[in-house]
There are 2 protein chains.
Amino acid sequence: MKLYSYWRSSCSWRVRIALNLKGLAYSYEAVHLVQDGGRQNTEAYRALNPMRTVPTLEFEEGGLVRRLSQSLAIMEYLEERYRTPPLLPSEPLPRARARMLAEMVNSGIQPLQNLSVLQFVKGELKADDKLFGAHWNTRGLTALESAVKETAGTYCLGDQVSIADICLIPQLYAARRFAVDLTPFPTLTRIEAACSQLPAFQAAHPDRQPDAVPA
Amino acid sequence: MKLYSYWRSSCSWRVRIALNLKGLAYSYEAVHLVQDGGRQNTEAYRALNPMRTVPTLEFEEGGLVRRLSQSLAIMEYLEERYRTPPLLPSEPLPRARARMLAEMVNSGIQPLQNLSVLQFVKGELKADDKLFGAHWNTRGLTALESAVKETAGTYCLGDQVSIADICLIPQLYAARRFAVDLTPFPTLTRIEAACSQLPAFQAAHPDRQPDAVPA
């Protein structure tokens, strides 16, 4: 498998965690989201992923090269193909809660503060992109703290790592980049501390990717 | 089951279609997103859904009242609980493609043009909310047209209705409200015409909801 990724892309980071948790080897293909106007905007990359996003997962199936984008769709695919260890609980209702928490990040926070949106806010709207990004992080994490508290154990859903944790960790990193105060979210930061002990999360961290830029 | 919904909310609309396709009866609880500063912002509603979004699905399970938000999480739950008719293909790769297409709308377009975001763009950034909404619809639908073409039959994935169609139809309605030119998306509008023949889609249309406001 090959993962088109960018070190700081939170959606790429999610898939890196999932691949690591499942013990799946992959090659890393860096797509620089800033250089040369963003390499995701090249014709070559758009042919792989018309949405011009990372990640894209490439693999062979039935003798053909297949490509998937959208981190949650990729993780659900990995979950169906490689059952162990599971990234979702086994029962429908906890599964739904895991997906709900993941979506609160995936559709409720991340899209509003990704690079292309911030560039549009600053470049086209001539408005404060930092304010915009911070606002949606704060608003979404406030809701997430409240929702996670209902089911949290060591992780978002009891003591089993799930896609909810996988979405949470990169989002907290992003929130810090917008200087969001995380002290109102003690449940979320406690879970982050627990996840940061796990090798699969450690190896997926932006700083450990081949295209990382030292601070 | 009770669905907290708003007639024009595209995410509520998705769940209405899914419930209709599955033949599941539900009661409709209108949450007016504009009146009185938005009824989703009341303490009472935030206790049900801290993200202050619609839809929320409420139901009993194990003798307790349960609530789920996030339309894709809700649809996956319905899919696991009520298998027939399926909203996803049966094989992992087509399932992943259905989820990918659905996410291109769910995380790639809809969040950037929902009401709370437009209100922030206009009210806080003092910028052009219509331009903002139109931009992300055009950009996302351009990518979606390209992706859907690879698998389209009568619907987004061959001849079986899936969550991809369920996400597509409300998004095209939203795009028209932003006066987006849909002529570059012939595959998407052809699928829309096919879906509009189905009673489950017809009954879920905003104009047929109890809280609809006549034009």
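Modeller: Helices, taken as H or I runs of at least four residues, and strands, taken as E runs of at least two, are DSSP runs numbered from the N terminus. The model is predicted, with local features needing pLDDT of at least 70 and side-chain atom pairs pLDDT 80 or more, while totals for chains, interfaces and linings use all residues. Residues count from 1 along each chain as written, chains are lettered from A and ligands numbered from 1 in written order, and side-chain values use heavy atoms without hydrogens or water.

Biologist: How many degrees of rotation superpose chain A on chain B?

Modeller: Copies are superposed by least squares on the C-alpha atoms of residues with pLDDT of at least 70 in both. Chain A falls on chain B with an RMSD of 0.0 Å and with 0.0 Å of shift along the axis, and the two copies are therefore related as by a two-fold rotation axis. The rotation that superposes them is 180 degrees.

Biologist: Which residue of chain A comes closest to the rotation axis?

Modeller: The distance is taken from the C-alpha atom, and it is 2.2 Å for the residue of chain A that comes closest to the axis, namely A:Ser107.

Biologist: What percentage of the interface residues of chain A are also interface residues in chain B?

Modeller: Contact here means heavy atoms within 4.5 Å. The copies meet through the same surface, because the share of chain A interface residues that are also interface residues in chain B is 100%.

Biologist: What is the volume of the largest cavity?

Modeller: On a 1 Å grid over the protein atoms alone, a cavity is a set of points where a 1.4 Å probe fits but cannot get out, a pocket is an open set with protein on both sides within 12 Å along at least five of seven lines, and lining residues have an atom within 4 Å of a point. Points are joined across faces, edges and corners, and a volume is the space filled by probe spheres set on them. The whole structure holds 1 cavity of 30 Å³ or more, and the volume of the largest cavity is about 140 Å³.

Biologist: Which helix gives the largest share of the lining of the largest cavity?

Modeller: Of its 13 lining residues, those closest to the centre are A:Leu72, A:Glu76, A:Glu103, B:Glu76 and B:Glu103. Helices H3 (71-81) and H4 (92-106) of chain A, together with H3 (71-81) and H4 (92-106) of chain B, each give two or more residues to this lining. The largest share, 4 residues, comes from H3(A).

Biologist: Which helix gives the largest share of the lining of the largest pocket?

Modeller: The largest pocket holds about 1200 Å³ of space, and among the residues closest to its centre are A:Leu33 and A:Gln113. Elements giving two or more residues to its lining include helix H1 (10-22) of chain A and helix H6 (129-149) of chain B. The largest share, 7 residues, comes from H5(A).

Biologist: Which helix gives the most to the lining of the second largest pocket?

Modeller: This pocket has a volume of about 930 Å³, and B:Gln110 is one of the residues closest to its centre. H6 of chain A supplies at least two lining residues, as do H1, H5 (115-123), H6 and H7 (163-177) of chain B. The most, 4 residues, comes from H5(B).

Biologist: Which residue does a cis peptide bond join to B:Val54?

Modeller: Omega of this bond is about 5 degrees. The partner of B:Val54 lies in the loop between helix H2 (43-48) and strand S3 (56-61) of chain B, and is B:Pro55.
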